[in-house]
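User: I'm new to reading protein structures, and I'd like to know how the labels get decided. Can we go through some of them together?

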Amino acid sequence: MARARHTRIHRRPRAVSPGRGLVPALVVLVTAGACGTPDGVTDRRPPPPGDPLVLVADALVRGETTTLTISGATPGDTVVLAWSPGALGPGPCLSQLGGLCLDIPSPRVLAARTAAADGTATLTATVPPTLPLGPIGLQAAVAGTLARTSNPVAAAVTDPEPSRVPCTTLTAPHSVPGARLTMVYDDTDATVRPSVARLGMRPIVLGGTGMATLDVDGPLEVWTAAGQALSLPWHAGDSDLPADLLVYAKAPGHGALHVTPDDPTCAPVDVEVAVLPMQGITGHTLPDHPWFETAHLFFQDEAVEVALDPTVFPDRVGQTFDVWIVPHLDRLSWARTPRLRSGSGATGMTLQPGTVADNTVVAWTGLPTPERFTSAYDVVVDFDKDGRVTPGDLLFNEGDGSVFVSRDLTVVGPYGTRQEDFDGGTWRKQRVYAPTLTASLGTLSTVVISHGNGQDYTWYDYLGQHLASYGFVAMSHSSNTNPGPVTASGSLADNLGVFYGRTDTLFGGALAGRIGPRQAWIGHSRGGEAVAILYNDLEAGARPSLAIDPLDVAGVASIAPTDFNGDRANPQGVPYHLMAGSSDGDVTGGPDCDICQYWRVAAYASGPVTTSYVYGAAHNDFHDEPSAWRDGVGPDRIGQARTNVFAKAYLVALAAWWLDGETAYEELFTRGYRSVHPAGIDPIVQVVTTSLPDEVGDIGVIDDFQANGGTALSSSGGTVTGTVTGLTEGLLDDPDSGLGPGTAMNGFTEVSTGGTERGAVFTWAGRSWLEWQVVPALADATRFSHLQLRLAQRTRTPQTVAWGGDLSVTVQLRDAAGHVAALDMAQAVAAPEPYQRAGLGSGAGWIQAFQTVRVRLTDFLGVDPDLDLTSIVAVRLQVGTGFGADTGSVGIDDLAFVHELPPSPR
């Protein structure tokens, strides 16, 4: 089973012939509908499958202006508006629409408009005072070769309400009067800790004269300023006003506050409230849409930028605020001591209308040096500028909001180091590296290093010393690799027993009682397969003589592992990392060598997987022996020294993440290498990264291609439609030994012929799309943090060769109401051009390396804040000019909603 791992819609203009009925036109049809609702619109059905043609209508009040808007049209299309009394129901099937049937019984043309360059057509007009009261409906259609119909909209024609005067007011301090209020949800239970929960509440003031009733819709409660929950609906008398109140959100979603005066001559008051999942506001400016990338992890050479999006926070536009970045406190501490003391930040900011690009500021430079790995900081947006954290301010101190400052992991860590050799016999030789003990170091964890065939345990000083300088004990051992990885796994087991049996005597007893059972294993080549074999055996109870609890093994990493033994080298559910080099001339990864296909080991795993594929790195570049065979093949070789710098930085980050709980380092593998890496790595180094969540974790698989074979249905059971070409599903296994572009799965080496890991490939030239229906069980995406997929350029295809560079796509979400939001991923994450290595056929381009493309779901709200993340009905990839690469040929796998636990302060 494979793990699961708005933009404006442009279409190619086409010629039209005006004046021939529906043939050239986008038609809006007005028909009878159902009974009215407060806004006059009673039913907004989702658009049909395919290109979304979306109709949105204002309320229809006699004598007042209304607007009808159609999006998703082709620029230049003629928009025709029509109406017809009667109920929604089967309508005529028109030959001009290719036989498509309307959802209205008798359409009548009203007017014509031309779709603008962004594909929208709008009619603004006054509703005739003589138009009959009652139901009325709307629909859109487009004729021609791409004939389509839109969602029908049932509405009601109403009379204007009698004029009423405002007697009661409902306002929110430090916000735009009448604007939708935005709240950032945190999961503090107000009934258990009201003092903590109130930090995330929004203050409101119920004022005016007379008596009125306050009530709410959606996931909202109302509390008194003193911290007492009101029983709703709450009836307020003259003596209760003005009332200082707090709005509390119990969950993400949309709601409203309603004030109904007792006096019928007084106007009611309604305030819309949007409750967003917590989304970080720190990160980095991007040169193009979406303009800003959220980040939590920052290295010392970076600047921390803060951005507020006015489309997400419309109630804050025009408001002035201060931004503080201060040492981390837990939420209870903030509730007890809300005063802002020393910190960095920016003062006197004003939220401007426009986009997030207009509201980004550098809040912190010259970041301090953490004691060991990272230091955690909180971000406070102080809207009342009183130097305190109070309701109405934004506090980002846990989960998705915190900032983590890291050392440059390429340089020596904070501790002195020592090493000691031990000779216990031919396959029991060890080199141990340890930090100089300090008071800040408690119980030490161990990282074990297993070499490959033809290598030696003394060839990893660069890594052992580096790990020791960051507070780990590292042990590199001799291994019986020549017979194969199984005997190498026996050497690893034997050396673990020897090592843990003599920890009290290391360095003359200096570490007695200080080395705990927590450990991580790193193996290279046959040693990389051996560490996976041993963990699999340990989980299965097949190594009874090895007194190690599998739960004490925090993670397993393989560098260019072999695959002699199939799924016996299964890391099971332990966190697993695979590191490999594109220039490897030994364990090449190529389809001509079954035992060299290292991606298979990652595919066996069922736990969380990360990978790092280093362009230009060779097999023997991952150790530090200068006289070893130079096995590298291919252009732009980066050499041993640069590879060592990369490997030690990323492997010490894995050790910190797995063994010390430094969860911020997960971003090194989820944000993409181009977006984040230590500054000490040479700029010439290019890395493809993959991050796949636990198969049994909080994951919503849309399509991993493991079920419902064929291209019409996703593995989750939704429909798959599109205009891309050559869409093919199959095993991610190159069926021959060459890399010519003749087969669909050419260059994929994720599984053997008998494996089960599947994916899909497709091609485009010009604008195209591929869309997945989101099944109802996955429609509420608020329980997830990201949408992710794995994407790889197919090697040596004509389209890949023609494009000749990194490739991106546009990812689009659509909700049940027809709201569409899309993000072009080119600025943050792209699928790199295949490494230009020749061999195994004509042309250049080596095996496929999947890049994880991960999109934060709340980022879509910056495109369309009305997008309802609780009712997502479709995910679409838009490709072609304006949406990424003009032409392309890609492989795709593991499209899923995932919940990434945000980094937590230690």
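User: What makes helix 5 largely enclosed by the rest of the structure?

Analyst: It comes down to burial. This is a predicted model, and in it 13 of the 15 residues of helix 5 are buried, so the helix is largely enclosed by the rest of the structure. Buried here means under 20% relative accessible area.

User: How do you know that the span of helix 5 agrees with what it should be?

Analyst: Helix 5 covers residues 526-540, and at 1.5 Å a residue its 15 residues should span 21 Å. The C-alpha atoms at its ends are 21 Å apart, so the two values agree.

User: Why do Lys385 and Asp322 count as a salt bridge?

Analyst: Side chains of opposite charge can pair when their charged atoms come close. The cut-off is a Lys or Arg nitrogen within 4 Å of a carboxyl oxygen of Asp or Glu. For Lys385 and Asp322 the N to O distance is 2.6 Å, so the pair counts as a salt bridge. The two sit in distant parts of the chain, 63 residues apart: Lys385 is in the loop between strand 28 and strand 29, and Asp322 is in strand 25.

User: Why is Lys385 called partly exposed, but Asp322 buried?

Analyst: Lys385 has a relative accessible area of 39%, which falls between 20% and 50%, so it is partly exposed. Asp322 has 10%, which is under 20%, so it is buried.

User: Which residues form salt bridges with Arg790?

Analyst: Glu757 is one of them, at 3.5 Å, N to O. Asp894 is another, with the closest N and O atoms 3.0 Å apart. Asp894 lies in strand 50 and Arg790 in strand 45, 104 residues apart. Both Asp894 and Arg790 are buried, and Glu757 is buried too. Together with Glu750 and Asp893, these residues are linked in a network of salt bridges. The structure holds 24 salt bridges.

User: What makes up the lining of the largest cavity?

Analyst: The lining divides into eight nonpolar, five polar and eight charged residues. The largest cavity holds about 290 Å³ of space. Among its 21 lining residues, the closest to the centre are Glu293, Thr294, Arg854, Arg856 and Asp859. Strand 22, helix 8, strand 47 and strand 48 each supply at least two residues of the lining.

Note on methods. Residues numbered from 1 in each chain as written. Predicted model: local features only at pLDDT ≥ 70, side-chain atom pairs only at ≥ 80, totals over all residues. Heavy atoms only, no water. Helix = DSSP H or I, 4+ residues; strand = E, 2+ residues; numbered from the N terminus. Expected span 1.5 Å × (residues − 1). Buried < 20%, exposed > 50% of the residue type's maximum accessible area, 1.4 Å probe, protein only. 1 Å grid on protein atoms, 1.4 Å probe; cavity = no way out; pocket = protein on both sides within 12 Å on 5 of 7 lines; lining within 4 Å. Points joined across faces, edges and corners; volume = space filled by probe spheres on them. Nonpolar A, V, L, I, M, F, W, Y, C, P; charged D, E, K, R; others polar. Salt bridge = Lys/Arg side-chain N within 4 Å of Asp/Glu carboxyl O.
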